[in-house]
Amino acid sequence: MNHKDVKAEDISIVPSVSFGSATIAKNLSEVVKKHWKEKGTRGNVVLLRDQYPSNYYVWKRMQEQLGENVVEIRVVERPSFKDSWTQYVLQCIDSDTILVTIPNVHWSDGSWVGIEEISRVISKKYKPKCHLVLDCTQSMGVVPFPEN
C-alpha cells in the first residue's frame, strides 16, 4: 500500500479500537449473512494470535450472534523468529474471507506485519468482498503516516 494511494475516506480515526471494531462488525454482519446465503459457505475473519483483546472479542461476539456455521474466526498462528507474520496471514486468506483485521506491529513483541504486501494481495485477488482493517495503535506516532 503506497501512501499516495490512501484517500481520506479510507481512514477512520475512532476513540478506541473496540469502538471501531464494534462499528465494523455491526456493518459487516449483513455482508457475512449474505455471503452465507448466496455461497452456502462460512465467511471468515482473519486476525493474529495474541492480538490485543479489543480486536478479538468483537469478532467472537459476532460469531456467537450469527453462528459458527455462518462465520469463522481464523487465528493466524505466531510465526517462529525466522518467519514473518505476513506469509502466515496470506495463507489464511481465501475467497470466503470477509475481513482481515490486523495491526502493523504486534503489541506483545513489536514484530512487524507486512501490511503493504497483504493489502496488495487483497486488492488484486479478493476485492471488493474482502476488507482490510488496520489497528495502528501500537505504531502511530512512531511509524510515518501519510500527511494528506
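## Helix pair

Let's start with the helices: α3 passes α4 in a right-handed crossing (the near helix is turned clockwise from the far one by less than a right angle). Helices here are DSSP runs of H or I with at least four residues, strands are E runs of at least two, and both are numbered from the N terminus. This is a predicted model, with local features needing pLDDT of at least 70 and side-chain atom pairs counting only at pLDDT 80 or more, while totals for chains, interfaces and linings use all residues. Residues are numbered from 1 along each chain as its sequence is written, and side-chain values use heavy atoms, leaving out hydrogens and water.

On the α3 side, Thr-86, Gln-87, Val-89 and Leu-90 meet Glu-117, Ile-118 and Val-121 of α4 (contact means heavy atoms within 4.5 Å).

## Main core

The largest nonpolar core holds 16 residues, and Val-89, Ile-93, Val-100 and Ile-118 have the most contacts inside it. At least two residues each come from β1 (43-48), α3 (85-92), β3 (97-103) and α4 (115-126). Such a core is a set of buried Ala, Val, Leu, Ile, Met, Phe, Trp, Tyr and Cys residues joined through side-chain atoms within 4.5 Å. Buried means under 20% relative accessible area, exposed over 50%, and partly exposed in between (1.4 Å probe, protein chains only).

Not counting residues up to four places away in sequence, Val-100 touches several others, including Val-46, Ile-122 and Leu-132.

## Asp-94

Asp-94 sits in the loop between α3 and β3 and is partly exposed, at 22% relative accessible area. Leaving aside neighbours within four places in sequence, Asp-94 contacts Asn-44, Arg-74 and Tyr-126.
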